[in-house]
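Please read the following walk through a protein structure with the model open beside you.

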Amino acid sequence: MDIKSKNLNLPIAIVSIVIPVVVAILFYLPRPNIELGFNVQILPLFHAILNSATAVLLLASLYFIRRGHIKAHKTTNLIAVALSALFLVSYVTYHFFTESTKYGDNNHDHVVDAAEKALVGGSAYVYYFILLTHILLAIVIVPLVLFTLLRGFQSDFVKHKKIARITWPIWFYVAITGVIVYVMISPYY
C-alpha cells in the first residue's frame with residue numbers, strides 16, 4: 001500500500017499529541033550534568049535562524065504555487081518541514097540541558113524580582129502574549145502541516161488547498177513569532 005491510499009490519520013494524531021507532551025515534560029525533568037562538547041547557549045540563535053529560514057521558505061512556497069510552479073512549491077515546503085523537524089530536535093535538546101530563561105531576568109538568577117519587573121514594564125505583557133500564541137499555535141500547526149503534506153502527497157489537491165489555506169498563515173505566524181520571541185528574550189540569556 002502506498003501513501004496515496006494509506007490512512008495515516010492515527011499516526012498523525014499520535015505524533016501530534018506526543019510532541020507537545022514530550023516538550024511539556026522537558027520543563028519538569030531535572031537537567032542532566034552531561035558535557036555535550038559544545039555550548040548549548042548558541043541554540044536559541046540557531047532556532048531563530050531556522051524560524052527565519054522557514055518563514056522565507058513559506059513565502060517562497062506561496063509565491064511558487066500562485067505562479068503554478070508546483071515542483072518549486074513542493075521543494076520549498078519539504079525543506080520548510082525538514083527545518084521545522086530540525087528545529088524541534090534542537091529545541092528539545094536545548095530545553096533538556098538548560099533551565100528556561102525568564103523574561104526580564106537581568107541578573108540571570110532564574111527569578112524576576114520586583115525591580116526587574118519594573119525595568120521591563122509593559123513589554124512583559126507583549127512578550128508573554130506573543131509567546132503564548134506562539135506556543136499554542138505551534139501545537140496546532142503540527143497536525144495541520146502533516147495533514148496538508150499528506151493531502152499533497154496523495155494528490156488530493158482539493159483537500160490540500162483547503163487545509164493549506166488554514167495551515168500556511170498559522171505556520172508563518174509561528175515561524176515569525178519564534179524569531180520575535182528570540183529577539184525579545186535574547187538580552188536575558
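The model is predicted, so local features need pLDDT of at least 70 and side-chain atom pairs count only at pLDDT 80 or more, while totals for chains, interfaces and linings use all residues. Residues are numbered from 1 along each chain as its sequence is written, and side-chain values use heavy atoms, with hydrogens and water left out.

Start at helix α1, residues 9–26, where Leu10 is found. Helices are DSSP runs of H or I with at least four residues, numbered from the N terminus. Leu10 counts as exposed because its relative accessibility is 59%; exposed means over 50% relative accessible area, buried under 20%, and partly exposed in between, with a 1.4 Å probe and protein chains only. Together with Ile14, Val18 and Val22, Leu10 forms a nonpolar patch on the surface, with about 350 Å² of accessible area in total. Patch members have over 30% relative accessible area and no salt bridge; like charges are joined within 9 Å, and nonpolar side chains (Val, Leu, Ile, Met, Phe, Trp, Tyr) within 5 Å. The areas come from the Shrake-Rupley method with a 1.4 Å probe, and for residues only the protein chains shown count as cover.

Next, go to the loop between α3 (70–97) and α4 (114–120), the place of Asp105. Beyond its neighbours within four places in sequence, Asp105 is in contact (heavy atoms within 4.5 Å) with residues including His110 and Tyr188.

His110 is in the loop between α3 and α4 too. Its phi is positive, about 65°, although His110 is not a glycine. Most residues other than glycine have a negative phi. His110 counts as partly exposed because its relative accessibility is 41%.

Leu149 is in helix α5, residues 123–153. Leaving aside neighbours within four places in sequence, Leu149 is in contact with Leu78 and Val81. Leu149 and Lys74 are 75 residues apart in sequence, yet 9.1 Å apart in space, C-alpha to C-alpha.

Finally, Ser155 is found in the loop between α5 and α6 (157–185). Ser155 has a positive phi of about 60° and is not a glycine.

How values were computed
Salt bridge = Lys/Arg side-chain N within 4 Å of Asp/Glu carboxyl O. Helix = DSSP H or I, 4+ residues; strand = E, 2+ residues; numbered from the N terminus.
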